[in-house]
Amino acid sequence: MVAKDSLQAASYNEMAIKEITRIEKLISSWDPNSQTSEINRNAGRQSVKVDRELFGLIKRAIGISKLTDGAFDISYASMDAIWKFDGSMTTIPSAGSIKKSVANVGYQNIVLDEANSTVFLKLPGMKIGFGAIGKGYAADATKALLIENGVQSGIINAAGDMNTWGKQPNGEEWNIAITNPLNKNKVFAILPIKDGAVVTSGNYEKYVTFQGKRYSHIIDPRTGFPSSGIISATVFAPKAELADALATSVFVMGIEVGLNRINQLPRIECVIINDEGEIFTSDNIKINKS
């Protein structure tokens, strides 16, 4: 954050940390006391009344699922972890086990009651999780809180989810570097961000290779198969929440479908790097690929 002195900066930092901690407690599926855990415990049994904040996040997540034809799905948390990315796998899981792993996945089975602010998961064993949208939401909420408290400019880095507003102290726009994950010393481009967010999803550290084909730790919630062909997807969007979800979705949809979908969305751009190190961009990002 841009502040007038170190004391003010420290108070802003403390405010930001408290807000992120608050959101973590609300959406964490690991915390047994969270409302998210309460929803999961009652899957197939009964609806759970939740805060409007959490209800709104779930509602928007379902909207993104529809937008991406299910490539993004918060009920991915129901998947059995049959793919291991710790080096212990020696063969691809069987077709039967893959099919069984996604039996309880499906955003269509998340039932929302707007009037009563309740959430119901239809299937016993079904779970929701916010691993592909939660950091982005936390960055958006923290940014809004800081602006509300008079912070005129800043950049939030929520574990790689970047959210900006205003300008740098020297009056210039904030910038983000697009690097080649196969060669992190190489920068494809430095692009300005103006009051927006940028999120990168990557599989260059967690993947398995069978018969020469690389399988990412980002798994298609519709099929149970890991995504392949892409090692990095960077999405620019007005909100970090949307950028976060779409970066994961592009991995699952693939280069052609992913870029086609991004090009249909206003004020959203994308840079994709495939497993050969080639770069692909949405229509309105111009990068010299030489």
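Visitor: What makes β2 and strand β3 a pair?

Guide: Two strands pair if DSSP finds at least two bridges between them. β2 and strand β3 (residues 118-121) have four bridges, in the antiparallel sense. So they meet the rule of at least two. One of the links joins Val111 to its bridge partner in β3, Phe120. This is a predicted model: local features need pLDDT of at least 70, side-chain atom pairs count only at pLDDT 80 or more, and totals for chains, interfaces and linings use all residues. Residues are numbered from 1 along each chain as its sequence is written, and side-chain values use heavy atoms, with hydrogens and water left out.

Visitor: What makes something a strand or a helix here?

Guide: Both are DSSP runs, numbered from the N terminus. A helix is H or I over at least four residues, and a strand is E over at least two. By that count the protein has seven helices and 13 strands.

Visitor: Why are β1 and β2 said to stand at the edges?

Guide: Three strands form an open sheet in the order β1-β3-β2, with antiparallel pairing. β1 (48-49) and β2 (110-113) each have a single partner strand, so one side of each is left without a neighbour in the sheet. As a general point, strands of a sheet pair through backbone hydrogen bonds, either parallel or antiparallel.

Visitor: Why is strand β11 called largely enclosed?

Guide: Count its buried residues. Buried means under 20% relative accessible area, exposed means over 50%, and partly exposed lies in between (1.4 Å probe, protein chains only). Eight of the eight residues of strand β11 (residues 230-237) are buried, so the rest of the structure largely encloses it. Across the protein, buried residues make up 49% of the 290 residues.

Visitor: Which strands pair with β11?

Guide: Strand β8 (residues 197-202) pairs with β11 in the antiparallel sense over six bridges. There, Thr200 has Thr234 as its bridge partner. Strand β12 (residues 269-274) is also joined to β11 by six bridges, and these two run antiparallel. There, Ser232 has Ile273 as its bridge partner.

Visitor: Why does Gly134 count as buried?

Guide: Its relative accessibility is 6%, so Gly134 counts as buried. Gly134 lies in helix α5 (residues 134-148).

Visitor: What does Gly134 touch?

Guide: Contact means heavy atoms within 4.5 Å. Not counting residues up to four places away in sequence, Gly134 touches Ile27 and Asp244.

Visitor: Is Ser37 buried or exposed?

Guide: Ser37 is buried, because its relative accessible area is 6%. Ser37 is found in helix α2 (residues 35-41). Leaving aside neighbours within four places in sequence, its contacts include Ser28, Trp30 and Pro32.

Visitor: Why is Leu191 called buried?

Guide: The relative accessible area of Leu191 is 15%, so Leu191 is buried. Leu191 lies in strand β7. The C-alpha atoms of Leu191 and Val208 are separated by 32 Å, with the two 17 residues apart along the chain.

Visitor: What makes the phi of Asp195 worth a look?

Guide: Most residues other than glycine have a negative phi. Asp195 is not a glycine, yet has a positive phi of about 45°. Asp195 sits in the loop between β7 (183-193) and β8.

Visitor: Why is Asp195 called partly exposed, but Arg267 exposed?

Guide: Asp195 has a relative accessible area of 38%, so Asp195 is partly exposed. Arg267 has 65%, so Arg267 is exposed. Arg267 lies in the loop between α7 (255-263) and β12. Arg267 is not a glycine either, and has a positive phi of about 65°.
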